[in-house]
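Please look over the sequence and the model below before reading on. The paragraphs that follow move from one element to the next and then turn to single residues.

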Amino acid sequence: MFLFLLVSCNNPIQVEEPVTDPEGIMAGTTPLSPASRGVMEGIYTVVSGKPVFGDQVVLKWKGDKLSIFTARDGGYAVLDAGRLDSAIHISGYWRQRVNTGTGSVAISIASEEGARGIIKGDTSAGSIIIRGSYGVGNTSQRRELILQYLRPFSVFVRSSKFLVIAHRGGGRNSDYLNCSENTIEMISRAEGYGADGIEIDVKVSKDGVPFLYHDDDINLRLTQKGVIWGKIEQFTWPLLSTLITLKNGERIPSLKDALQFVVDNTTLRFVWLDLKSESDEIPLVADIQKEMLKRAKAAKRDLEIVIGLPTEDKVANLKKMPAYANIPSLCELSPDLTRGASSIIWAPRWTLGTQNSVVAELQGQGIRAFVWTLDDQAFIQSFIEEGRFDGILTNYPSIVAYYHYAR
């Protein structure tokens, strides 16, 4: 159990992470096969539990977690699921991303209500009903939760290569997720939040080590009070890696360690390296990118790692590199600069609109289009239903995931 503080003006609000599976039921379960997981996925009607989960939810396996996504308050649930005899037990927690609502979830599928067919991987097994309850905070209060299978994902969704990309490794410090932005701990949670890929911020230490950090300064937004302050890039990696404690107690990860974790410990399909250094970091970052792509290929991982180009200076630095066209990159600038840098992805700001004609033109030239950083729920729905982008970068991957999988 963890405690964290949400500071609102001068009045701190204490939020307690819910206790899940107090009876230890999940320890006795057997993991479900990939075929069984596939049968469970789809769109479900919320029969009971609408105050938290709304009228309809998406169930989707992300990595080794079963996630629930809803349009209600950016809600999601991150769950473990396994079989015990002829039933399926599911346990975890729910969270509303746009506020501090949270609680435990304890649900199950009885043999006669779909578990038998799920365990066999039988897609023609009929209706699935999930029954149980959810808690509110860490109180003893429990409310009924019943979900009934409505339909599978559409043919479009099943064939789509659309990417939900989580900002700063999965979320920001301001989202109060019990772990710090741009850390391995945050990356480890990203898939449960709905992400297929992540964006991470890259700076370079005084002695040439790329690492994950967003701001220019060592500050109290990102770190606990320590012994070194000032511009973060003026310090060597041994000092940064040992003397800085991030907001939730973690150490700053090097870029190499973070990408190695992605390759070895996740099923994420995409990493966007957002260059934040005041120096020309591309030679250093490109070497690590190449090494990690090679590692991913050896592990038979479906993973892209692209270098983001947010400014014209970064484009110019990329083009100084030998065979720069072979370095996978993403350009946030104009379509012409994107083509000139041989970038494989164009990534405009969301405030420019859906730009469907430009997106279609670039897609016709083999260049994908992602939009950033899209957080407003109404705009997310609009961009998914009316736009043609290949992916969305967001601080709320659960919301993007809901509208993508529900279409």
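In helix 13, the buried residues are Pro397, Ser398, Ile399, Val400, Ala401, Tyr402, Tyr403, His404, Tyr405 and Ala406. The helix, in this predicted model, is accordingly described as mostly covered, with 10 of its 10 residues buried.

Part of the surroundings of helix 13 is helix 12, whose Gln377, Ile380, Gln381 and Ile384 meet Ile399, Val400, Tyr403 and His404 of helix 13. The residues of this contact divide into five nonpolar and three polar, with no charged residue among them. As for the geometry, the axes of helix 12 (residues 377–386) and helix 13 (residues 397–406) come within 10 Å and cross at roughly 35°, and helix 12 passes helix 13 in a right-handed crossing.

The pairing of strand 17 can be followed through two partners. Strand 13 (residues 197–204) runs parallel to strand 17 and is joined to it by six bridges, and within this pairing Gly197 has Phe270 as its bridge partner in strand 17. Strand 18 (residues 304–309) also runs parallel to strand 17, to which five bridges join it, and here Val271 stands opposite Ile305 of strand 18. Together with helix 8 (residues 282–298), strands 17 and 18 make a β-α-β unit, and this unit is right-handed.

Ile327 lies in the loop between helix 9 (312–319) and strand 19 (329–331). Is Ile327 buried or exposed? Ile327 counts as buried because its relative accessibility is 11%, which is under the 20% limit used for that class. Leaving aside neighbours within four places in sequence, the contacts of Ile327 are with Ala286, Gln289, Ile307, Leu318 and Met321. The C-alpha atom of Ile327 is separated by 44 Å from that of Pro18, a residue 309 places away along the chain.

Beyond the neighbours within four places in sequence, Leu59 is in contact with Met40, Glu41, Gly42, Tyr44, Leu66, Ser67, Ile68, Ile130, Leu147 and Phe153. The C-alpha atoms of Leu59 and Trp237, which are 178 residues apart along the chain, are separated by 42 Å.

Two further loop residues deserve a look for their backbone angles. Asp21, which is found in the loop between strand 2 (11–16) and strand 3 (30–31), has a positive phi of about 50° although it is not a glycine. Asn182, located in the loop between strand 12 (163–166) and helix 5 (184–189), likewise is not a glycine and yet has a positive phi, of about 60°.

Technical notes
Residues numbered from 1 in each chain as written. Predicted model: local features only at pLDDT ≥ 70, side-chain atom pairs only at ≥ 80, totals over all residues. Heavy atoms only, no water. Pairing = 2+ DSSP bridges. Helix = DSSP H or I, 4+ residues; strand = E, 2+ residues; numbered from the N terminus. Right-handed = clockwise from strand over helix to strand, strands pointing away. Axes fitted to C-alpha atoms, helices over the stretch in contact; angles between N-to-C directions. Left-handed = near helix turned anticlockwise from the far one by under 90°. Contact = heavy atoms within 4.5 Å. Nonpolar A, V, L, I, M, F, W, Y, C, P; charged D, E, K, R; others polar. Buried < 20%, exposed > 50% of the residue type's maximum accessible area, 1.4 Å probe, protein only.
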